[in-house]
Amino acid sequence: MNWMDAVLIGAGLSMDACAAAVSDAMVYRGLTPVRRAAMPLCFGAFQMLMPVLGLRIGTLFSAWFSRCAGFMMAALLGSIGGKMIWDGCHRESVETAAGDLPWGVLLMQAAATSVDAFAVGIGLSVSGMELMPACILIGAETAVLCASAVAAGRFFGGLLEEEAQLAGGLILILIGIKSIL
């Protein structure tokens with residue numbers, strides 16, 4: 001495996017995180033500058049750390065993890081997306097959801113969207129590539145792409161306004177369904 005492979009792996013792994021970042025930026029229109037900066041950093045950090053954990057822990061539980069990873073991600077993102085849709089359909093909740101993204105939700109999304117990076121850690125270890133430089137590259141690439149996704153989400157959130165919460169929830173549910181398939 002060469003460095004171009006690591007760049008492509010990073011791009012592929014970051015797509016779920018980017019979709020979540022777009023969704024968050026569409027829904028939480030009152031994001032503070034700190035939270036806007038934290039989103040790409042959290043997604044990137046989880047994408048960087050999960051392959052390391054995958055290498056260290058994954059070899060012990062690889063059979064179980066490979067069967068359950070998609071369902072774990074679907075459950076986490078489905079519950080977050082379902083709540084976003086629920087809030088979008090109930091007027092009294094829309095005002096609170098339009099504020100700042102809660103830290104707990106951000107961390108849960110970052111963990112859920114990096115589940116596939118856990119499995120990649122096992123693959124990177126047998127490829128002969130140095131794990132830490134590849135993980136740093138994957139994390140940095142995810143952070144940069146998610147920063148762009150946050151900007152796009154803020155733009156589309158302004159266009160969609162009230163429907164942004166429904167669209168954001170649907171995006172997260174679709175990512176969860178894709179993880180099972």
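These are my notebook entries on a predicted model of a protein chain.

**Ground rules**

I number residues from 1 along each chain as its sequence is written, and my side-chain values use heavy atoms, with hydrogens and water left out. As the model is predicted, I ask for pLDDT of at least 70 for local features and count side-chain atom pairs only at pLDDT 80 or more, while totals for chains, interfaces and linings use all residues.

**Entry 1: the overall look**

I started with the secondary structure and found seven helices and zero strands. Helices here are DSSP runs of H or I with at least four residues, strands are runs of E with at least two, and both are numbered from the N terminus. Reading from the N terminus, I get α-α-α-α-α-α-α.

Next I looked up burial. The chain has 181 residues, and 44% of them count as buried. For the record, buried is under 20% relative accessible area, exposed is over 50%, and partly exposed is in between (1.4 Å probe, protein chains only).

The chain exposes about 8600 Å², with carbon and sulfur atoms supplying 73% of that. Those areas come from the Shrake-Rupley method with a 1.4 Å probe, and for residues only the protein chains shown count as cover.

I also checked contacts, meaning heavy atoms within 4.5 Å. Among those between residues at least 6 apart in sequence, 91% join residues at least 24 apart.

**Entry 2: helix α1**

How many residues does helix α1 have? I count 25 in it, residues 3-27. From first C-alpha to last, α1 reaches 36 Å, close to the 36 Å expected at 1.5 Å a residue. The expected span is 1.5 Å times one less than the number of residues.

Where is the kink in α1 centred? I found it on Met15, at about 40°. The bend at a residue is the angle between axes fitted to the seven residues ending there and the seven starting there.

Leaving out residues up to four places away in sequence, I see Val22 touching Ala149 and Gly153. Val22 and Ala152 are 130 residues apart along the chain, yet their C-alpha atoms are separated by 6.4 Å.

**Entry 3: two threonines**

I looked at Thr142 in helix α6, which covers residues 131-160. Thr142 counts as buried because its relative accessibility is 0%. Beyond its neighbours within four places in sequence, Thr142 is in contact with Gly10, Ser14, Ala17, Phe43, Gly44 and Gln47.

Thr113 is found in helix α4. At 0% relative accessibility, Thr113 counts as buried. Its C-alpha is separated by 5.5 Å from that of Ala17, 96 residues apart along the chain.

**Entry 4: the salt bridge**

I searched the whole structure and got one salt bridge, meaning a side-chain nitrogen of Lys or Arg within 4 Å of a carboxyl oxygen of Asp or Glu. Side chains of opposite charge can pair when their charged atoms come close.

Which side chains meet in the salt bridge? They are those of Arg35 and Asp100, at 3.3 Å, N to O. Arg35 lies in helix α2 (residues 33-89) and Asp100 in the loop between α3 (91-97) and α4 (103-113), so the pair ties together parts that are 65 residues apart in sequence.

Arg35 counts as buried at 11% relative accessibility, and Asp100 counts as partly exposed at 25%.

Not counting residues up to four places away in sequence, Asp100 touches Tyr28, Gly30, Leu31, Thr32 and Arg35.

**Entry 5: aromatic rings**

I ended with rings of Phe, Tyr and Trp (its six-membered ring), which pair if their centres lie within 6.5 Å; planes under 30 degrees apart are stacked, over 60 edge-to-face, and the rest tilted. The count comes to one aromatic pair. The rings of Phe155 and Phe156 have centres 5.2 Å apart and planes at 75°, so I noted the pair as edge-to-face. Phe156 is partly exposed, with a relative accessible area of 41%.
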